[in-house]
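Please read it with the structure open.

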Amino acid sequence: MFIDRVKVHVKAGKGGDGIVAFRREKYVAYGGPSGGDGGAGGDVVFMVDEGKTTLLDLRYNRKMAAEPGGNGKTKKMHGADGADCIIKVPQGTLVKDEKTGRILADLTRKGQKEIIAKGGKGGRGNFHFKSSKNTAPQYSELGAPGEERDIMVELKVLADVGLVGFPSVGKSTLLSVVSKAKPEIAEYHFTTLAPNLGMVQVPDGRSFVMADLPGLIEGASEGKGLGHQFLRHIERCRVIIHVVDMGANDGRDPVADYKTINDELKQYEYRLMERPQIVLANKMDLDGAQENLKRFRKAYPEVEVFETTTIIAEGLEPVLYRAADLLETTPQFPLYNDDASDEEAEGVLYKFEPEQPAFEVHNMGNGNWELSGEELERSFKMSKMDNEEDFMRFARKMRKMGIDEALRKAGCKDGDVVTICDIQFEFVE
């Protein structure tokens, strides 16, 4: 079963908790705090596996979680780091954040690995908080939570040449003749439902990957028929072979078909018409094919047309040479501008990004206030609230962040209720 689009929930491991411990040995006076740090949580990592061709494994395993880090130990010993969750996917897989639509990873290289959800940092043990004023701290940090998100995983076929055209124009037959691929072929009118790949060997020794893609129909760019299920797989192709049924034995008009398909490619978002296109006039052995070819050349005099009959492999060699020549001069077409991946660049790109506020104050009305913000929430989740010392420490941290002053400026009064991560506090002047 060919599965090329799956929604998955990923959750990285939580960091291990730091602990409160003291060194007590017979001949060591004033041993002091010795609580160790927690280990880091495991990451959720996507890795290219060339042996996979479909996302079928993810369809039946929609929730992926990495291991949490181990808690710290006595004698300042570090907790164990959590094991990463490695998810193997086919080459050509694209990973998007479902909520924002942001592309998290484009896995196109052999052995490529990308972290999709980062594990949480381990909490610090109490030996970190020793000071001249507090030589025996009873406080340690909790581990930070790991990243958690819903993602959309899409497989976009990784091929050099893509075959386009209406259903039953001979695309599958062409692939079966020029490669060892065995796509489904039938004498009745039907369309390929999943892309098929084949390695094509040119007589001069060059080779490339060709994809027989599901047939297009009018309105595919708007989602009709297979719609985006088809167009998704042509995005990576550098050369397009447009197969036209010049025999027109099913009553279609080759001239109109050519325009319809190109209109659909033009309306799609990934600049498909910028790719060089080879027009293949197929089924030239049928009655009326030559007459249709004359009309086609008259309508599109600038288009180079190759006459073929794929079922008997006639006229295919010039097409393969032409495709190989175009591949040598046609660059890759990136699916998005990856400004962040400047590892391959000679210099470093510095971009201005506005600093996100540490917290935001929301007036919920009737004396109720809510505080939100990534930095504040992370700090809160890593803070223990077991005793008075813990609460006082967190209160000092909030005051240092400027939260007290921000609440007063917003109109918060003595006795109002302030909520942080669903936990309510009373504001006291």
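## Residue classes

Ala, Val, Leu, Ile, Met, Phe, Trp, Tyr, Cys and Pro count here as nonpolar, while Asp, Glu, Lys and Arg count as charged. The other residues, Gly among them, count as polar. The model shown is predicted.

## The second largest pocket

The volume of the second largest pocket is about 920 Å³. Its lining is made of 24 residues, and those closest to the centre are Gly146, Glu147, Glu148, Glu374 and Lys381. Sorted by class, the lining holds 14 charged residues, five polar and five nonpolar.

Two or more lining residues come from each of strand E8 (148-155) and helix H7 (374-381). H7 gives the most, with four residues.

## Helices H4 and H5

Helix H4 covers residues 254-267 and helix H5 covers residues 289-299. Their axes come within 9 Å and cross at roughly 45°.

Which residues make the contact between H4 and H5? On the H4 side they are Pro254, Val255 and Tyr258. On the H5 side they are Asn292, Arg295, Phe296 and Ala299. By class, the residues of this contact are five nonpolar, one polar and one charged.

Conventions. Residues numbered from 1 in each chain as written. Predicted model: local features only at pLDDT ≥ 70, side-chain atom pairs only at ≥ 80, totals over all residues. Heavy atoms only, no water. Axes fitted to C-alpha atoms, helices over the stretch in contact; angles between N-to-C directions. Contact = heavy atoms within 4.5 Å. 1 Å grid on protein atoms, 1.4 Å probe; cavity = no way out; pocket = protein on both sides within 12 Å on 5 of 7 lines; lining within 4 Å. Points joined across faces, edges and corners; volume = space filled by probe spheres on them.
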